[in-house]
Amino acid sequence: MNVYQQARRHAWAMIGNVLFGCLFIVIVDQFFGHSTLAFAGVIVVLVVLNRRILTFNCPRCGSNLFFRKYIMLPWPNRHCSRCGLDLPKAE
Ligand SMILES: [Zn+2]
């Protein structure tokens with residue numbers, strides 16, 4: 001599995017984590033009438049789970065797959081934004 005496939009898998013996992021976090025906040029809100037602490041907890045957990053995003057780098061130049069020049073998006077690049085390497089085919 002190359003770095004692009006790993007990055008895609010991470011993006012899908014984070015989508016699942018965000019949906020699970022939203023569900024958790026709604027459930028806590030229904031049972032306790034407020035969700036401020038649950039919201040704060042979910043944000044901290046999502047940030048910790050998303051630390052791995054910094055390890056998905058282009059094998060040729062080291063540019064992060066989730067950055068388009070200076071903008072970070074939640075889905076990985078197909079082509080490296082710095083050197084243009086075709087990432088799904090790169091090993
Ligand atoms: Zn590159």
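Contacts between residues 24 or more positions apart make up 42% of those in the protein chain with a separation of 6 or more. Keep in mind that this is a predicted model.

**Overall layout**

There are two helices and two strands in the protein chain, and reading along the sequence you get the pattern α-α-β-β. The radius of gyration comes out at 16 Å, well over the 12 Å that the globule rule gives for 91 residues, so the protein chain is more spread out than a compact globule. Along its principal axes, the C-alpha trace spans about 50 × 25 × 15 Å. As for burial, 13% of the 91 residues count as buried.

**How the two helices meet**

Helix 1 takes in residues 3-32, while helix 2 runs over residues 36-49. Their axes sit 9 Å apart and the packing angle is about 165°. Angles over 145 degrees count as roughly antiparallel, and helix 1 and helix 2 are therefore described that way relative to each other. The crossing of helix 1 past helix 2 is right-handed. On the helix 1 side, the contact is made by Met14, Asn17, Val18, Gly21, Phe24, Ile25 and Val28; helix 2 brings Ala38, Phe39, Val42, Leu46 and Leu49. Sorted by class, that gives ten nonpolar residues, two polar ones and no charged ones.

**Two residues to look at**

Let's start with Phe39, one of the helix 2 residues in that contact. Is Phe39 buried or exposed, or partly exposed? Phe39 has 16 C-beta neighbours inside 10 Å, so it counts as partly exposed; a buried residue would need 20 or more. If you'd like a distance to check on screen, the C-alpha atoms of Phe39 and Val26 are separated by 9.5 Å, with the two residues 13 apart along the chain.

Now on to Lys69. Where is Lys69 found? Lys69 is in the loop between strand 1 (67-68) and strand 2 (71-72). Its phi is near 55°, a positive value in a residue other than glycine. With 7 C-beta neighbours inside 10 Å, Lys69 counts as exposed.

Here are the neighbour counts for the two residues:

| Residue | C-beta neighbours inside 10 Å | Class |
|---|---|---|
| Phe39 | 16 C-beta neighbours | partly exposed |
| Lys69 | 7 C-beta neighbours | exposed |

Technical notes: Residues numbered from 1 in each chain as written. Predicted model: local features only at pLDDT ≥ 70, side-chain atom pairs only at ≥ 80, totals over all residues. Helix = DSSP H or I, 4+ residues; strand = E, 2+ residues; numbered from the N terminus. Buried ≥ 20, exposed ≤ 12 C-beta atoms within 10 Å, placed from the backbone. Axes fitted to C-alpha atoms, helices over the stretch in contact; angles between N-to-C directions. Parallel < 35°, antiparallel > 145°, perpendicular 65-115°, else oblique. Left-handed = near helix turned anticlockwise from the far one by under 90°. Contact = placed C-beta atoms within 7 Å. Nonpolar A, V, L, I, M, F, W, Y, C, P; charged D, E, K, R; others polar. Rg over C-alpha atoms; globule rule 2.2 N^0.38 Å.
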